[in-house]
Amino acid sequence: MRLLIETPREIKNLIFDLGNVLMDIDIRRTLEAFRALHIDGLQEADIHPHQKDFFLQLELGTITPDEFIEAIRRAYPDARQVEEARIWEAWDALLLDFEPRRFELLKQLAPDYRIFLLSNTNLPHRRTFLEKFNRQTGTDFESYFEKCYYSDALNMRKPDPAIYRYVLDDAGIRAEETLFIDDNACNLPGAESVGLNTYRLTRDRHVCDLFG
């Protein structure tokens, strides 16, 4: 299986984003879940692009899940009356089911490419989607990749060029031979600044359409 899009050089390595590339997410579902708990005031912009700093800190792994819950309850006083488990359920509501054909694609690509994951995520979401994938498919999510890189584990995130340099160095791959696929345009310039080839996956195109 080969790339169907043009790149300046031959591609030997693929770095995939997770959200809305390999797994769909919908922030609105988390907002609705919080409202259903009568926790009012949370806005999409609070979560992305992190107008509330504790969302960013969770994604960078610089606060613990317990500290995140405390920050939620300080920022949204109605949350003080809600059980912690219900808050986590609402937080996880944005994680949608996995589509099997995307992971069938990864298996088909494995003979021809080295495959990696690079995701801005957080420990609670990471625990949830790894368990959810195993429950849904009976397989290990991370087994589809040579290595997975998560922002909260690295204490850095896209679009900081440092995270792309780290992945290249750690994986021992050359930027000019690597394609990075992400749905957020803001993440591409940092990747390009370290020499990566990039492709923005827009809502009107499926990741499987890029290969054939």
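Me: I take buried to mean under 20% relative accessible area, exposed over 50%, and partly exposed in between (1.4 Å probe, protein chains only). On that scale, is Arg157 buried or exposed?

Reply: Arg157 is buried, since its relative accessible area is 17%. Before we go on, remember that this is a predicted model, where local features need pLDDT of at least 70, side-chain atom pairs count only at pLDDT 80 or more, and totals for chains, interfaces and linings use all residues. Residues are numbered from 1 along each chain as its sequence is written, and side-chain values use heavy atoms, leaving out hydrogens and water.

Me: Which residue does Arg157 form a salt bridge with?

Reply: The general idea is that side chains of opposite charge can pair when their charged atoms come close. The cut-off here is a side-chain nitrogen of Lys or Arg within 4 Å of a carboxyl oxygen of Asp or Glu. Arg157 pairs in this way with Glu59, and their closest N and O atoms are 2.7 Å apart. This pair links distant parts of the chain, with Arg157 in the loop between H8 and H9 and Glu59 in helix H3 (residues 53–60), 98 residues apart. Glu59 is buried as well, at a relative accessible area of 11%.

Me: How are those helix labels assigned?

Reply: They are DSSP runs numbered from the N terminus: helices are H or I with at least four residues, strands are E with at least two.

Me: What does Lys158 pair with?

Reply: Its side chain meets that of Asp17 in a salt bridge, at 2.8 Å from N to O. Asp17 sits in the loop between strand S1 (13–16) and H1, while Lys158 sits in the loop between H8 and H9, so the two tie together parts that are 141 residues apart in sequence. Asp17 is buried at 6%, and Lys158 counts as buried at 1%.

Me: What joins Lys158 to Pro159?

Reply: A cis peptide bond, with omega about 10 degrees. Pro159 belongs to the loop between helix H8 (151–154) and helix H9 (161–171). That loop also holds Asn155, whose phi is positive, about 60 degrees, although Asn155 is not a glycine. Asn155 is partly exposed, with a relative accessible area of 46%.

Me: Where is His38, and what is its phi?

Reply: His38 is in the loop between H1 and helix H2 (44–47). Its phi is near 65 degrees, again a positive value in a residue other than glycine. His38 is exposed, at 60% relative accessible area.

Me: How many salt bridges does a search of the whole structure find?

Reply: The search finds 18. Among the pairs, Glu89 and Arg86 meet at 3.9 Å, N to O. Both lie in helix H5 (residues 84–92), 3 residues apart, about one turn of the helix. Glu89 is exposed at 52%, and Arg86 is partly exposed at 42%. There is also a network of salt bridges, linking Lys12, Arg174, Glu176 and Glu177.

Me: Which residues of helix H1 are buried?

Reply: In H1 (residues 27–36), the buried ones are Ile27, Thr30, Leu31, Ala33 and Phe34. They cover an arc of only 160 degrees around the axis, so they are on the same side of H1; that arc is taken from the directions from the helix axis to the C-beta atoms. Arg28 and Ala36 are exposed on the other side of H1.
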